[in-house]
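Please look through the model below with the following numbered notes beside it.

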Amino acid sequence: MRYGIIADIHSNLEALEKVLSALEGENVDEILCLGDIVGYGADPSECIRLVREKCAAAVCGNHDYAAVNADIREYFNPDALEALLWTEDRLNKEEKSYLAGLDIQKSAGDFLMVHSSPLFPKEWSYIYTAVDARKHFPGFDEGACFVGHTHIPAVFFCSEKNGSCGFSPEERVFLPPGMRHIINPGSVGQPRDGNPGASFAVYDEAAREVEIIRVPYDAGSASKKILEAGLPDKFALRLEGGE
Ligand code: ZN
């Protein structure tokens, strides 16, 4: 199987459409979504519609969860909360029940899908470094775990033999037997690694290879819609620099 893996769309329709059209050329069997379909951006309903139409499975992100549950909203900063309440107002009952029904984690193929971390998925902790990753490898049994949440693409590995962990900086990574992996495809709709291109991954299970792919999209239009919607300016401004 070849999988297209997408995460952290954040209501950015322009970026999502571009990624889905790039995936058409990648000959994938299934597209999977790691959550945070909504939050920050101006097109929550359209993004939910496209994920439901195009993705074989999706898991719940903290923004998806908070759009339909009040209990973690106290952890959101004021701007993120403002965008969340704006999103809540725009979603219809059916869209809300879709978000409420998303699983926190899901197995697919030979890997696990979870938004934040496999060890404590509902604590929404972040995996930024190999040191962070090391703590989370015991949280899953599969050979690989795909996560989102940081908005930064990354491939972490851990040796089954001696537990040593590290980070692969390449865009195309072979996943050797004897190693387990935590892979972040980066963010479709709000990249934060200084590259404004929408980010996603293609995972070829048989070839044991994962590739992180970036595609430029019309960040100007996505950004203009955020401003016109009256959402906090910073969510518009950061799109052009991928910050
Ligand atoms: Zn996110």
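1. Arg208 is partly exposed, with a relative accessible area of 29%, where buried means under 20% relative accessible area, exposed over 50%, and partly exposed in between (1.4 Å probe, protein chains only). Although Arg208 is not a glycine, its phi is positive, at about 55 degrees, and the residue lies in the loop between β11 (198–204) and β12 (209–215); strands (E, at least two residues) and helices (H or I, at least four) are DSSP runs, numbered from the N terminus.

2. This is a predicted model, in which local features need pLDDT of at least 70 and side-chain atom pairs count only at pLDDT 80 or more, while totals for chains, interfaces and linings use all residues. Residues are numbered from 1 along each chain as its sequence is written, and side-chain values use heavy atoms, with hydrogens and water left out.

3. His149 also has a positive phi without being a glycine, with a value near 85 degrees. His149 sits in the loop between β6 (144–146) and β7 (154–159), and it counts as buried because its relative accessibility is 3%.

4. The largest pocket holds about 310 Å³ of space. A pocket here is an open set of points on a 1 Å grid over the protein atoms alone, where a 1.4 Å probe fits and protein lies on both sides within 12 Å along at least five of seven lines; lining residues have an atom within 4 Å of a point. The volume is the space filled by probe spheres set on the points, which are joined across faces, edges and corners. Of the 17 lining residues, Asn62, Tyr75, Phe76, Tyr126 and His149 are the closest to the centre of this pocket.

5. An open sheet of 6 strands with mixed pairing runs in the order β3-β2-β1-β11-β12-β9, two strands being paired if DSSP finds at least two bridges between them. Its edge strands, each pairing on one side only, are β3 (57–58) and β9 (172–174). Strand β1 (residues 2–6) is antiparallel to β11 and joined to it by 4 bridges, with Gly4 opposite Val202 in β11.
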